[in-house]
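Have the structure open while you read.

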Amino acid sequence: MQDAAAFRAEARAWLEANCPASMRGPMPDDEIVWGGRRASFKNPESKLWLERMAAQGWTVPTWPRAYGGGGLTAAEARILDEEMRRLNCRSPLQSFGIWMLGPVLLEYGSEAQKEAHLPRIARGEIRWCQGYSEPEAGSDLAGLKTRAVLQGEHFLVNGHKIWTSYANLADWIFCLVRTDPTAKKHEGISFLLIDMDDPGIRTRPIQLISGASPFCETFIENVRVPQENLVGGLNNGWTIAKKLLEHERKMIASIGERQRGAERSLSEFAKTYAGTRDRRIADAVLRDRIAQQEIDQRAFQLTQRRAAEEAKGGSPGPASAMFKYYGTELNKRKFELLLQCLGTQALGWEGDGFAADELRITREWLRSKANSIEGGTSEIQLNIIAKRVLGLPD
Amino acid sequence: MALTLAADAALIRDTALDFFAKRSPVGALRKLRDDKDALGFSLPLWRQMGELGWAGFLVPETYGGAGFGCLGLGLVLEGAGRTLAATPLLATALLGASALTLAGGDRQKSEHLPALAKGELLLALALEEGAHHAPYRIATAARHDDGGFRLDGEKRFVLDGHIADLLIVVARSSGESGDRRGLTLFLVPGDAAGVTRTRTRMVDSRNAATIRFDGVLLGEEAVLGRVDEGAEVLDPLLDRACAGLAAEMLGSAAEAFERTVQYLKDRRQFGVPIGSFQALKHRAAAMFCEIELTRSAVLAALTAIDAGAQDASGLASLAKAKAGDAFFLIGNEGVQMHGGIGMTDEHEIGFFLKRARVAQASFGDSAFHRDRYAELGGY
C-alpha cells in the first residue's frame, strides 16, 4: 500500500500541475474531444490537455507503454481515476478506439497491428467507428452479409452497414465481414480494419426521434483492403466480435455515470418542480419511485465495483451482459422519472418557454431509448445471461 | 472498503454453508413445524453454533466472544438462510449481543454476555406494537414507580419471544407515541411477574410471540442505556437487524433461485426442458441480476456497520429494501416456475415463499426502507 500512496501523491501532483483550469469542471457537449484527422478544438486548452495526457500515457492508463499507454496496474488506474474526479478533470479523449477496438487489438492483434494502430488511438490521432449492424442483421448480428473476397494481397469489400455511430466523422472503421458464405454463419466471419479515406465508402447520417443524428448508414463499394488489416485470422472474426461486444456493453452500462444530466439529483428536480412538504418531496408516490431508483442505482454501482475487484482488471466476461442490461434499463428509468418530475416543462422541443436544461433532458430522454437497443438489446442480454451464466438450454 | 471477502471471511462463509447444509436442511424446519416443537428450534444445533463461536461473534473477547463483527455474522446468517434454518442467530447473536454491547453497563455486560457467547442465554427484542414496523410508535408505558419503573403494554411479533430468557423491551418513558425521544430500553426476564407470553405460529414456521406486560416492576438496573434516549441505541440496533436479516434473505433468495433454475433444466414439457423457453429464461436472468445487486448491497451494509461509516444507516435500509424485493420476487417466481408441484406442501419451494413474506415484514418492509432511505437522503 506504500506504493499506492506514493502513486496517488505523484498522480495528484501531476494533475494539479498539468490540468488546465478550464479542463476542471463539467464538459459542454461541444467541447467533448473525439480526436481524429479532422479533430477540432473549440477550446484550445482541450488540445493542450489531450497532448499532455497522451504524453503521459494516461489517455489509456492501463495499456503498455510501448503502445502509448501508461503501463499502470488496474489498482493504479483506479487511483488515477479517483484523483481526476477529485479535481473534476475532464476526460481528455472520448474514443471507440480506446473503449472497444484497443482492448481486442491488445488481445488478438499482431505485433505490427498493435504498433500501427494503438499509439494513434492513444494520442487521439485516428477516430474509429464500429461496422457491425446491417439492415438485415440487428439482433441476429451473425447473419451479416457484407462480403470480403480475398484477391491476392487484398480483400475486396462490398456491403451496407447501419447504426454506425459517428461514421461521418470517423477515419477508420473496424468491420465484421463475411469471408466464407458457405460455412455456418458464425464461422464465416472475419474482423477487418478499413481506412475510410476511400471513394468507395459513403456515409449518411440518420435522424433519430431525438432530432440528433449520431448514427449513420455506411455504404462500402468495391473497397480494397490490404490483407494485413485482417485481425485474428481468416474466418475467426466472431470470437473477436463477441469479445469486443463485452467491452462495448461495459461502456454502455456506465452510461448513467458519464452523462451530464445527473449533476442535479432526481430529488432536487422533484423538489423544484413538484413541490415540498415538511422539506420532503410532497408527492409520496414520486418520492417512493425516486428512492427506488436511487437505491437501484447505488446497488448497481456497488455491483460494478465488486465485479471490478473480483475481475482484478481482467476481461468483463459474460457478466457484462448483466451490466449492459441493468445499467441501460436504469438509465431509461432515470429519464422517465426526470420527465415525471419536470411535468410539462419536459415536453418542449425547442425555442421559448423552456430552459436549456429542460430541453436537453427531453432530448436525452428520447436518446436514452436507444440504450437498451444498441450494443445488443436488453432481450439479447437476458438471453446471454440465461445461456452463459445460468446454463439454461437452447 | 472492499466488497470482496478476505480469506478469513471466506472461510466463515464456507464453514457456515457446509454446517447448515449437513445439519439443518430445510427438512429440519419441516420437522419442527410438524412436531409442533415447543422450542421451535434445535437446542443441540444451537449449542454446536455456540461451540463454533457464532453465538458470540459480536461479543467482545473480554466477555468470552469472538469480537468478529457484523460481516462475519452476516455470512453465517446467509448460510442459515440457504436452508431456512430456524435458529436464535438473529434474535440473540445479532440483536441481543448488539444491544448489550452498544448500550449495556459493565454489570449488565459481565452478567449476560459470557452466557450469551456460549449459547446459554437467549434474548429477544420486544419492539413492535402494530401490524407494521414503526419503531417510534411505542405506547407500552414505563412509568416511574418507587425508584424504578412499572411496565404496561403489549408487544407483538417478538421473534423468539416465547423462549427468550431475557427480553429487551422498548417502552415509552415520556412523550407521545411517534416521538423519537422518550423511549427507554429495558432488560426484562422472560419469566418476570406480570409477563404473559403467547406463542404465535407464523406462516414461515418460525418463532414469534405476543407478550403482555401488566404492571411489571423493574429496578433502575433494568434500564439498558439511558432513560428517554433509547432511540440512540434502537437506531443502530435496527440497522444491524436490517443488514443481518438482509444477509439471511440473500441466502434464502439465492437458494430458491438456484433450485428454480435447476428445475427449469430438469422439467420437460413439449419434449424439451422448460428452461429452453424464452418466457422463462428472461425472467430467470432478471432474477439473477437482482440477486447480484442484493449481494453487493448486503456486503456494503455489513462492512459499513463494522467500519462505523457515516452512511451505514442508509446502506442498511438499502440492503433491506433490495433483499426484500429480490426475495419476494424469487419466492413468487419460484412457485410459479415449479408449476403444480410448487403448490404442494411436500415440495420445499413453498417454504421459501412463506419465509420471504415474513422476512420482508420484519424490521420494516421495502416500502418502509425506501421511505427511510429518502428521509436520510434529505428528500
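In α9(A), residues A:I295, A:R298 and A:A299 meet B:L318, B:A321 and B:K322 of α9(B), where contact takes C-beta atoms, placed from the backbone, within 7 Å. By class, this contact has four nonpolar, no polar and two charged residues. Here Ala, Val, Leu, Ile, Met, Phe, Trp, Tyr, Cys and Pro count as nonpolar, Asp, Glu, Lys and Arg as charged, and the others, Gly among them, as polar. Helices are DSSP runs of H or I with at least four residues, strands are E runs of at least two, and both are numbered from the N terminus.

This is a predicted model, so local features need pLDDT of at least 70, side-chain atom pairs count only at pLDDT 80 or more, and totals for chains, interfaces and linings use all residues. Residues are numbered from 1 along each chain as its sequence is written, while chains are lettered from A and ligands numbered from 1 in the order in which they are written. The predictor gives the complex an ipTM of 0.96 and a pTM of 0.92. For chain B, the mean pLDDT (the predictor's confidence in each residue, from 0 to 100) is 96, and 100% of its residues reach 70 or more.

| Helix pair | Angle | Axis separation |
|---|---|---|
| α9(A) and α9(B) | about 95° | 10 Å |
| α9(A) and α8(B) | about 85° | 8 Å |

The axes are lines fitted to C-alpha atoms, for helices over the stretch in contact, and the angles run from 0 to 180 degrees between N-to-C directions. On the scale used, angles under 35 degrees are roughly parallel, over 145 roughly antiparallel, 65 to 115 roughly perpendicular and the rest oblique. So α9(A) is roughly perpendicular to α9(B), and α9(A) is roughly perpendicular to α8(B) too.

Who touches whom in that second pairing? From α9(A) come A:A299, A:F300, A:L302, A:T303 and A:R306, and they meet B:E292, B:L293, B:S296, B:A297 and B:A300 of α8(B). These residues split into six nonpolar, two polar and two charged.

Zooming out, the contact draws 34 residues from chain A and 31 residues from chain B. On the chain B side, α8(B) gives the largest share, 12 residues. By class, that side has 19 nonpolar, six polar and six charged residues.

Now for α8(B) itself. Of its 30 residues, 23 are buried, meaning that 20 or more other C-beta atoms lie within 10 Å of their own; 12 or fewer makes a residue exposed, and anything in between is partly exposed, with C-beta atoms placed from the backbone. B:R283 is in this helix, but it counts as partly exposed because it has 18 C-beta neighbours inside 10 Å. The C-alpha atoms of B:R283 and B:I330 are separated by 9.8 Å, though they sit 47 residues apart along the chain. Just after α8(B), B:G308 takes a positive phi of about 65°.

Over in α11(B), the buried residues include B:F368, B:H369 and B:Y373. Their cover includes α9 of chain A, plus α9 and α10 of chain B. B:G378 follows α11(B), with a positive phi near 85°.

Definitions and conventions. Contact = placed C-beta atoms within 7 Å.
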